[in-house]
Amino acid sequence: MGKEITTGIATGIGVAILGSTPIGAGVIVGIGNDWLRDNFDGVRDFEDNVGNAIVIRME
């Protein structure tokens, strides 16, 4: 869940800054995010913590 949240936020920022289409920005952000998660444990841990915090708050 954390990955989806951070990817959605980054896509929204990309669309706002670059004025590109949400689909194009989403693809670029998604690919970049997957690469970061695979190569940097800190990114994976951060996104997982975001997801866990939101799930706990919703319960």
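Mentor: Start at phenylalanine 40. Phenylalanine 40 is partly exposed, at 42% relative accessible area. On this scale buried means under 20% relative accessible area, exposed means over 50%, and partly exposed lies in between, with a 1.4 Å probe and protein chains only.

Some ground rules first. This is a predicted model, where local features need pLDDT of at least 70 and side-chain atom pairs count only at pLDDT 80 or more, while totals for chains, interfaces and linings use all residues. Residues are numbered from 1 along each chain as its sequence is written, and side-chain values use heavy atoms, with hydrogens and water left out.

Now the ring. Rings of Phe, Tyr and Trp (its six-membered ring) pair if their centres lie within 6.5 Å; planes under 30 degrees apart are stacked, over 60 edge-to-face, and the rest tilted. That rule gives one aromatic pair.

Next, the charges. A salt bridge here is a side-chain nitrogen of Lys or Arg within 4 Å of a carboxyl oxygen of Asp or Glu. The whole structure holds two of them. One joins aspartate 48 to arginine 37, at 3.7 Å from N to O. Aspartate 48 sits in helix α3 (residues 41–58) and arginine 37 in helix α2, so this bridge ties together parts 11 residues apart in sequence. The two ends differ in cover. Arginine 37 is buried, at 14% relative accessible area. Aspartate 48 is partly exposed, at 33%.

The other bridge links aspartate 41 and arginine 44, with 3.1 Å between the closest N and O atoms. These two are three residues apart in helix α3, so about one helical turn separates them. Arginine 44 is partly exposed, with a relative accessible area of 28%.

Stay with helix α2. Glycine 30 lies in this helix. Glycine 30 counts as buried, at 18% relative accessibility. From glycine 30 to glycine 8 is 22 residues in sequence but 9.0 Å in space, C-alpha to C-alpha. Valine 27 also has its place in helix α2. Valine 27 is partly exposed, at 47%. Together Ile23, Val27 and Ile31 make a nonpolar surface patch of about 330 Å². Patch members have over 30% relative accessible area and no salt bridge; like charges are joined within 9 Å, and nonpolar side chains (Val, Leu, Ile, Met, Phe, Trp, Tyr) within 5 Å.

Now the setting. Helices (H or I, at least four residues) and strands (E, at least two) are DSSP runs, numbered from the N terminus. The chain has three helices and zero strands. Of its 59 residues, 20% are buried. With contact meaning heavy atoms within 4.5 Å, residues 24 or more positions apart supply 45% of the contacts with a separation of 6 or more. The chain exposes about 4200 Å², and carbon and sulfur atoms supply 68% of that. Areas follow the Shrake-Rupley method with a 1.4 Å probe; for residues, only the protein chains shown count as cover.

Last, confidence. pLDDT is the predictor's confidence in each residue, from 0 to 100. The chain averages 73, and 71% of the residues score at least 70. Where pLDDT is low, the predicted coordinates should not be read in detail.
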